[in-house]
Amino acid sequence: MNGSTGILRPTRIKLDAGNDSLAITWSDGHSSVYAYSTLRSQCPCATCLGTEGERAAPAAPASLPMFKTALRPVRVEVVGRYALQIFWNDGHSTGIYTFTYLRNLCPCAECAPA
Ligand SMILES: [Zn+2]
Ligand SMILES: [Zn+2]
(Lines give C-alpha, C1' and ligand atoms only; values in the text may rest on other atoms or scores of the structure.)
(Ligands and ions follow the chains in the order given, each with its own letter.)
Protein backbone atom coordinates (compact mmCIF):
# COMPACT_ATOMS: atom_id res chain seq x y z
CA MET A 1 0.00 0.00 0.00
CA ASN A 2 1.19 3.45 -0.80
CA GLY A 3 -0.33 5.75 1.72
CA SER A 4 1.33 8.95 0.73
CA THR A 5 -0.10 9.59 -2.69
CA GLY A 6 -3.56 10.67 -3.59
CA ILE A 7 -4.16 12.46 -0.36
CA LEU A 8 -4.26 16.15 -0.92
CA ARG A 9 -4.17 18.54 1.94
CA PRO A 10 -3.57 22.24 2.24
CA THR A 11 -0.11 23.25 3.25
CA ARG A 12 -1.08 26.89 3.51
CA ILE A 13 -4.41 28.56 4.07
CA LYS A 14 -4.71 32.28 3.79
CA LEU A 15 -7.69 34.53 4.16
CA ASP A 16 -7.22 37.45 1.83
CA ALA A 17 -9.64 40.08 3.02
CA GLY A 18 -8.40 42.54 0.43
CA ASN A 19 -9.59 40.31 -2.38
CA ASP A 20 -12.50 38.68 -0.58
CA SER A 21 -10.94 35.33 -1.22
CA LEU A 22 -9.43 32.32 0.46
CA ALA A 23 -6.13 31.12 -0.92
CA ILE A 24 -5.05 27.52 -0.42
CA THR A 25 -1.72 26.02 -1.35
CA TRP A 26 -1.94 22.25 -1.68
CA SER A 27 0.49 19.54 -0.79
CA ASP A 28 1.05 18.86 -4.49
CA GLY A 29 2.08 22.47 -5.01
CA HIS A 30 -1.15 23.60 -6.62
CA SER A 31 -2.66 26.90 -5.55
CA SER A 32 -6.36 27.62 -5.42
CA VAL A 33 -8.10 30.91 -4.81
CA TYR A 34 -11.76 30.85 -3.85
CA ALA A 35 -13.98 33.89 -3.70
CA TYR A 36 -15.82 34.08 -0.41
CA SER A 37 -19.11 34.21 -2.28
CA THR A 38 -18.24 30.98 -4.06
CA LEU A 39 -17.34 29.21 -0.88
CA ARG A 40 -20.50 30.27 0.83
CA SER A 41 -22.72 29.36 -2.09
CA GLN A 42 -21.05 25.94 -2.19
CA CYS A 43 -21.37 25.37 1.54
CA PRO A 44 -21.85 21.62 1.90
CA CYS A 45 -23.79 21.66 5.15
CA ALA A 46 -27.26 20.20 5.36
CA THR A 47 -28.83 23.58 5.97
CA CYS A 48 -27.40 25.12 2.85
CA LEU A 49 -27.92 22.06 0.70
CA GLY A 50 -31.38 21.46 1.98
CA THR A 51 -31.05 17.78 1.24
CA GLU A 52 -32.03 16.55 4.65
CA GLY A 53 -35.66 16.16 5.49
CA GLU A 54 -38.32 16.30 2.86
CA ARG A 55 -37.56 17.77 -0.48
CA ALA A 56 -41.11 18.50 -1.46
CA ALA A 57 -40.55 22.17 -2.04
CA PRO A 58 -40.53 23.11 -5.71
CA ALA A 59 -37.39 24.53 -7.17
CA ALA A 60 -37.43 28.07 -5.95
CA PRO A 61 -34.74 30.67 -5.96
CA ALA A 62 -32.40 29.92 -3.14
CA SER A 63 -32.66 32.27 -0.27
CA LEU A 64 -30.05 34.88 -0.84
CA PRO A 65 -28.34 36.74 1.89
CA MET A 66 -29.49 40.31 2.19
CA PHE A 67 -25.96 41.52 2.23
CA LYS A 68 -23.56 41.18 -0.61
CA THR A 69 -20.19 42.47 0.29
CA ALA A 70 -20.03 41.97 4.01
CA LEU A 71 -20.07 38.19 4.03
CA ARG A 72 -16.68 36.78 4.87
CA PRO A 73 -15.11 34.10 6.98
CA VAL A 74 -13.91 35.22 10.34
CA ARG A 75 -11.71 32.16 10.67
CA VAL A 76 -10.94 28.83 9.14
CA GLU A 77 -10.05 25.75 11.11
CA VAL A 78 -8.70 22.43 9.98
CA VAL A 79 -10.97 19.57 11.00
CA GLY A 80 -9.05 16.40 11.63
CA ARG A 81 -6.93 15.62 8.61
CA TYR A 82 -9.56 15.82 5.99
CA ALA A 83 -11.49 19.05 6.01
CA LEU A 84 -11.78 22.74 6.70
CA GLN A 85 -14.46 24.35 8.77
CA ILE A 86 -15.28 27.92 7.85
CA PHE A 87 -16.74 30.28 10.40
CA TRP A 88 -18.65 33.04 8.64
CA ASN A 89 -19.24 36.46 10.02
CA ASP A 90 -22.98 35.92 10.02
CA GLY A 91 -22.55 33.12 12.53
CA HIS A 92 -22.82 30.23 10.08
CA SER A 93 -20.19 27.59 10.77
CA THR A 94 -21.67 24.18 10.09
CA GLY A 95 -20.11 23.75 6.67
CA ILE A 96 -17.35 21.18 6.63
CA TYR A 97 -15.41 21.49 3.40
CA THR A 98 -13.44 18.34 2.84
CA PHE A 99 -10.14 18.77 1.10
CA THR A 100 -11.38 16.72 -1.82
CA TYR A 101 -14.46 18.88 -2.10
CA LEU A 102 -12.43 22.06 -1.98
CA ARG A 103 -10.01 20.84 -4.57
CA ASN A 104 -12.89 19.98 -6.84
CA LEU A 105 -14.16 23.52 -6.39
CA CYS A 106 -10.88 25.01 -7.54
CA PRO A 107 -11.87 27.63 -10.11
CA CYS A 108 -8.57 27.79 -11.94
CA ALA A 109 -8.31 27.00 -15.63
CA GLU A 110 -6.28 23.90 -14.92
CA CYS A 111 -8.91 22.36 -12.68
CA ALA A 112 -12.04 23.65 -14.34
CA PRO A 113 -14.03 21.01 -16.18
CA ALA A 114 -13.68 21.27 -19.91
ZN1 LIG B 1 -23.98 25.92 5.26
ZN1 LIG C 1 -6.84 24.51 -9.67
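A word on terms first: helices are DSSP runs of H or I with at least four residues, strands are runs of E with at least two, and both are numbered from the N terminus. By that count, the protein chain holds three helices and six strands. Please bear in mind that this is a predicted model.

Read from the N terminus, the elements follow the order β-β-β-α-α-β-β-β-α. In general, strands of a sheet pair through backbone hydrogen bonds, in either a parallel or an antiparallel manner.

Let us take the sheet with the order 1-2-3. It is an open sheet of three strands with antiparallel pairing. Its edges are strand 1, residues 10-16, and strand 3, residues 31-35, each of which pairs on one side only. From one strand to the next, the twist averages 15°. Strand 2, residues 21-26, pairs with strand 3 in the antiparallel sense over five bridges. Within that region, Leu22 lies opposite Tyr34 of strand 3.

I turn now to the sheet with the order 4-5-6, an open sheet of three strands, also paired antiparallel. Strand 4 (73-79) and strand 6 (96-98) each have a single partner strand, so one side of each has no neighbour in the sheet. Here the twist averages 25° from one strand to the next. Strand 4 and strand 5, the latter spanning residues 83-88, run antiparallel and are joined by six bridges. Val79 stands opposite Ala83 in strand 5.

Finally, the chain as a whole. Of its 114 residues, 11% count as buried. Among contacts between residues at least 6 apart in sequence, 36% join residues at least 24 apart. Thank you.

Technical notes: Residues numbered from 1 in each chain as written. Chains lettered and ligands numbered in written order. Predicted model: local features only at pLDDT ≥ 70, side-chain atom pairs only at ≥ 80, totals over all residues. Pairing = 2+ DSSP bridges. Axes fitted to C-alpha atoms, helices over the stretch in contact; angles between N-to-C directions. Buried ≥ 20, exposed ≤ 12 C-beta atoms within 10 Å, placed from the backbone. Contact = placed C-beta atoms within 7 Å.
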